[in-house]
Amino acid sequence: MIGLKRGTVKLLNHEKEWELEAQRTIFRLHKILEAVARDIQHVGSTSILTIKAKPIIDIAVAVDDFKDVLALEAELNHDGFYYQPNANSEDQLLFASGSYYDGTGDLQTHFIHVVLADSMEWINYINFRNYLNKMPTVAKAYEDLKISLASEAPVDKGREQYLKGKNDFIVYTLRKALINYYLGKTVKVKIDRPIGSTHPNQADLIYPVNYGYIPDVLGGDGEELDVYLLGVDNPVKEYTARVIGIAHRHNDVEDKLVAAPEGIRFTQTEIVEAIHFQEQYYESEIETMPQLNFISKEPINKGWSCDKKYCVTADDGVKYLLRVTPEEKSANRADMFRMQQQVAALGVSMCKPVEFGKCDEGVYNVQTWVDGEDAEEIIPHLKNTEQYSYGLEAGRILKVIHSIPAPENQLDWEQRFNEKIDRKVKMYNESPIKFDGAEDIMGYIKSNRHLLANRPQSYQHGDYHIGNMMIEDNKIVIIDFDRYDFGDPWEEFNRIVWCAQVSPIFASGIIDGYFDNQVPLEFWKLLALYISSDMLSSIPWAIPFGESEVNTMLNQAKDVLSWYNNMQNPIPTWYTK
């Protein structure tokens with residue numbers, strides 16, 4: 001669901017459709033603004049993955065000059081983005097979308113916040129989103145506050161009470177988030193307690209390091225953000241250094257930065273020892289930015305991910321896969337890394353996680369290098385028995401992956417997927433491109449929704465198909481876990497379409513391997529339901545990517561309808577036992 005009546009406050013469970021709609025909106029804005037927009041990001045509560053939110057999409061646009069945007073007001077208005085001059089400030093322009101603004105109804109669907117690039121407003125939008133996605137406990141506290149405020153004033157003209165009630169939390173959280181922003185950055189530190197000086201309130205505390213702050217940047221206590229400066233052995237008044245760590249204080253309102261001269265490294269243990277003189281009085285946890293030490297780095301120009309990918313070689317000659325995710329797309333990468341560690345611990349043949357951390361470009365993820373070949377290039381040319389054998393192996397691997405349970409607070413699957421189906425049907429109905437047989441697909445969906453009831457949920461790879469598999473030493477190796485999710489394990493088979501188009505025998509083997517050759521009829525019926533819903537959304541999904549992708553999806557829909565005899569037979573014709 002997208003949109004809310006003006007003056008009402010209603011919170012909904014997080015929906016993936018919000019991110020899809022945000023990306024579609026960003027695409028539209030880029031087409032209008034072109035070079036005027038330095039960056040465009042999905043922000044606000046709908047960009048925070050674990051919490052309820054008002055179904056209104058917030059987008060932040062970074063520009064160099066507001067005049068450049070106002071010069072395009074007519075074009076923005078034509079595409080449904082209406083300028084709101086009364087809501088502006090000297091730091092921000094506001095555009096809004098929805099039937100309330102075009103005069104046909106009372107819905108508000110989008111708010112477009114135009115701010116200056118590199119301004120504190122821009123930094124705050126990005127930091128708040130990233131911090132809450134990184135800190136689920138803080139996100140939950142924010143959700144609880146919003147639920148309480150919404151229940152107190154479900155009807156709130158201009159949502160003034162609701163916004164006022166959130167203000168203190170947001171201000172405090174932004175201060176906490178700001179300290180995370182500085183990790184890896186170069187800052188100018190003003191030293192007010194140089195090395196060898198005495199603490200102003202504790203005569204027995206002599207500073208063993210230079211200690212100061214970043215001028216005009218407030219920390220969690222409302223005072224300027226404090227910094228331990230390591231690696232400078234003489235007293236200084238100010239110093240330009242690189243932030244190499246954060247002392248997270250779990251029992252205090254303020255955290256501390258740790259900085260050092262450019263090029264000087266400290267291990268986590270060394271940092272703990274250096275700042276122990278003061279941090280010993282707090283429950284502190286030290287976060288550091290690991291230093292990569294690779295002697296070569298070759299780019300990999302494959303895949304759909306926003307990540308930059310490299311084959312890197314360490315100084316000991318070992319190769320690794322390095323993935324660098326832009327900061328604005330890094331919200332769930334830490335969780336993804338932890339889940340990969342769980343999967344690897346089960347003995348799954350995969351691209352294994354090695355190291356995760358922050359870097360200048362965002363976050364990085366180092367994984368073991370797979371010295372093999374793409375499965376989709378190799379398998380179709382093998383003997384039928386070999387294709388089937390690899391399929392059995394891939395199916396058994398998937399069974400192990402699904403042994404990781406979903407979180408206990410995971411929302412009911414029937415409700416989640418029914419809402420997803422409704423969105424996909426709506427997307428198809430609103431799409432300018434249709435395909436023959438869609439009515440058969442919709443009929444099948446309508447008749448089989450009941451199958452979603454009481455389905456179990458587990459960890460999902462999220463994109464399990466032959467394109468994300470490699471062959472190394474005659475074994476299947478699974479790669480690309482960046483779309484992981486939690487849901488019905490059988491839904492994971494929706495990508496079997498891609499496998500069947502490359503090798504029906506391999507696809508058959510995956511299913512037989514997963515079910516140990518005892519495939520229940522209920523599975524086939526559910527799989528047809530999951531594939532059907534995907535077909536409806538695949539066409540509108542492909543439109544922004546051009547005619548080639550649209551044709552690919554249209555051909556796939558034609559194949560699916562042929563396999564299922566226009567949805568009359570739940571077992572696809574490509575399956576061979």
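Predicted model: local features only at pLDDT ≥ 70, side-chain atom pairs only at ≥ 80, totals over all residues.

Biologist: What's the strand order in the open sheet of five strands?

Modeller: The order is E14-E15-E16-E18-E17, with antiparallel pairing (strands are DSSP runs of E, at least two residues, and helices H or I, at least four, numbered from the N terminus; a pair needs at least two DSSP bridges).

Biologist: Which strands stand at the edges?

Modeller: E14 (294–300) and E17 (353–359); each has a single partner strand, so one side of each lacks a neighbour in the sheet.

Biologist: How many bridges join E14 and E15?

Modeller: Six, in the antiparallel sense, and lysine 297 stands opposite valine 312 in E15.

Biologist: New topic. Is serine 45 buried or exposed?

Modeller: Serine 45 counts as buried because its relative accessibility is 12% (buried is under 20% relative accessible area, exposed over 50%, partly exposed in between, with a 1.4 Å probe and protein chains only).

Biologist: And what does serine 45 touch?

Modeller: Leaving out residues up to four places away in sequence, Ile51, Ala53, Tyr142 and Lys146 (contact means heavy atoms within 4.5 Å).

Biologist: What about phi of aspartate 118?

Modeller: Phi there is near 70 degrees, positive in a residue other than glycine. Aspartate 118 is exposed, at 58% relative accessible area.

Conventions. Residues numbered from 1 in each chain as written. Heavy atoms only, no water.
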